[in-house]
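Please have the sequence and the structure open while reading.

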Amino acid sequence: MFESLKKKFSRTSDKLEEELIEEAQEENNLEEESGKKFSFFSFGRKDKKEEEDSKSDVAEIPQEVESIQETDTSDDETSDDKDEKSGFWSFSKKSSDNKEEPQEEEESAEEIQEEEEPKKSHFWSRNKEEDTEESEDADEKTEEKKSRFWSRNKDNDSSEENDEDEEPSGMFSFITAKTISEKHLEDILWELEMGLLEGDVAMEVASAVVDSVKDDLVGRKIKRSNDITEYTYNALRNAVAEIIDIPGKSMTEMIEAKKAQGEPLVVMFVGINGTGKTTTIGKLANYYLKKGYTPVIAAADTFRAGAIEQVNYHADKVGVKLIKHQKGSDPAAVAFDAVEHAKAQGKELVLIDTAGRMQTNTNLMDEMKKIKRVAKPDLVVFVGDALTGNDATQQASKFNEAIDLDGVILTKADADSKGGASLSIGYVIKKPILFLGMGQGYDDIKEYDADWMLNQLFSESGEEVNINEA
């Protein structure tokens, strides 16, 4: 899901890193380090595992302390060696096999340090030695290093030259900490905004994201290249979190509240033709039937050919009662009868199917208002197609102006690579997304959760969460 948005977010981080590193190179304010360069999405993986890791870390502390004490007494290491191992090298080895022997770790660290010595001596010789020949050699080697680094970003092919030379780690630190300024972000955020608009994100949403990221990043002090990635990741994630988290009660909570009053929850579904209203009603009937409630469906689309037969098919497959009249009858009357049936039979949920209509059709929009006056629904829900992107947002806005929506259901969200509608629609109309359609089957519907959505937007490809997970 949302592959297009993920790439745009990641590209923003990469561009900012390139900008700061290029400037630091010109200022001779950059040195290459040996270590693990984190990808943009690696911070998302760290966030997900943070709580589990903290629990396991607490349980393992006594054993770790004992092993450290034993190692300290058995090995005659200098204080400098210990500082280096407990500092930078232990950080870069966190993902390595924990079963390695302490001696092997010591030897590997010493080998790496020996390999790094030539690099460090070349770098510091610029500051400590005034011999012109040595400084020229150092400058030439620095230029070779730079060219190798930037060719990695600009050319994807791997040459034999890189195999022969020592491969750069890709991790850099700044001798003097860099501060992110508006100048660094101007072109990058403009590119992000254009990318969001191309991904069918609404204009006001794209602007809100860009402004939030700018406020978050300007003034940040950067010491290492990994800091750039982490700060950009957090800035984008925080911006999107504010956009997609629209407060509102869930439909399940509302059913329970109405049930306590001895009344059914009445839900009216609206939208344009072909967005999947009828199928969504079948999915919701199945969803709440499995939760122990007893839904009833009202076939209030009495004009479209085959509409009553279609909703009747879904009602039979799921196993719920359908209230219907003859084709061409008053849809408001059908909705009224369904509500009265639910009250008489003690059913907790009424799902009213209405005819699809374009937001520009005045007559059909007036009919929709009449159904609302007669049935008095507790919720008016707009059903939109996530694949239509910004069109779905504009349609929801028109329906909201005409009838005052209470929430949104987006269909085909599982096939949405852009994510424009999912990111925009709730923020634009200031109404919550209630459910997401995630496939063709009756079980393929998910109650909307902002945290789940955020993880989808900031996870790597193939890391989607199962819709049945809590």
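Buried means under 20% relative accessible area, exposed over 50%, and partly exposed in between, with a 1.4 Å probe and protein chains only. The model is predicted, so local features need pLDDT of at least 70 and side-chain atom pairs count only at pLDDT 80 or more, while totals for chains, interfaces and linings use all residues. Residues are numbered from 1 along each chain as its sequence is written, and side-chain values use heavy atoms, with hydrogens and water left out.

**Helix 12**

- Helices (H or I, at least four residues) and strands (E, at least two) are DSSP runs, numbered from the N terminus.
- Helix 12 spans residues 307-318, which is 12 residues. From first C-alpha to last it reaches 17 Å, close to the expected 16 Å, where the expected span is 1.5 Å times one less than the number of residues.
- The buried residues of helix 12 are A307, I308, V311, H314, A315 and V318.
- Viewed down the axis of helix 12, these buried residues fall within an arc of 130°, so they line one face of the helix. The arc is that of the directions from the helix axis to the C-beta atoms.
- E309, D316 and K317, on the other side of helix 12, are exposed.
- The buried residues of helix 12 pack against helix 11 (277-290), strand 5 (295-299), strand 6 (321-323) and strand 7 (349-353), with contact meaning heavy atoms within 4.5 Å.

**Aromatic rings**

- Rings of Phe, Tyr and Trp (its six-membered ring) pair if their centres lie within 6.5 Å; planes under 30 degrees apart count as stacked, over 60 as edge-to-face and the rest as tilted.
- The structure holds seven aromatic pairs. In one of them, Y287 and Y288 have ring centres 5.0 Å apart and planes at 85°, so the pair is edge-to-face.
- Y287 is buried, with a relative accessible area of 18%, and Y288 is buried at 0%.
- Y288 also forms an edge-to-face pair with F435, at 6.3 Å centre to centre and 80° between the planes.
- Because Y288 lies in helix 11 and F435 in strand 10 (residues 433-437), this pair ties together parts that are 147 residues apart in sequence.
- One aromatic cluster is formed by Y287, Y288, Y293 and F435.

**Charges over rings**

- A charge sits over a ring if NZ of Lys or CZ of Arg is within 6 Å of the ring centre and within 35 degrees of the ring normal.
- R220 has its charged end over the ring of Y231, 4.8 Å from the centre.
- K430 lies over the face of Y427, 3.8 Å from the ring centre.

- Most residues other than glycine have a negative phi.
- D404, not a glycine, has a positive phi of about 65°. D404 is in the loop between helix 15 (390-403) and strand 9 (407-411), and is partly exposed at 43% relative accessibility.
- K430, also not a glycine, has a positive phi of about 60°. K430 is in the loop between helix 16 (420-429) and strand 10, and is partly exposed at 48% relative accessibility.

**Annotated span**

- An unreviewed UniProt entry annotates residues 432-445 as "domain: SRP54-type proteins GTP-binding". UniProt positions are given in the numbering used here, feature names are shortened, and annotations may be inferred rather than shown by experiment.
- In residues 432-445 the end C-alpha atoms lie 16 Å apart, and the span is 0% helix and 43% strand.
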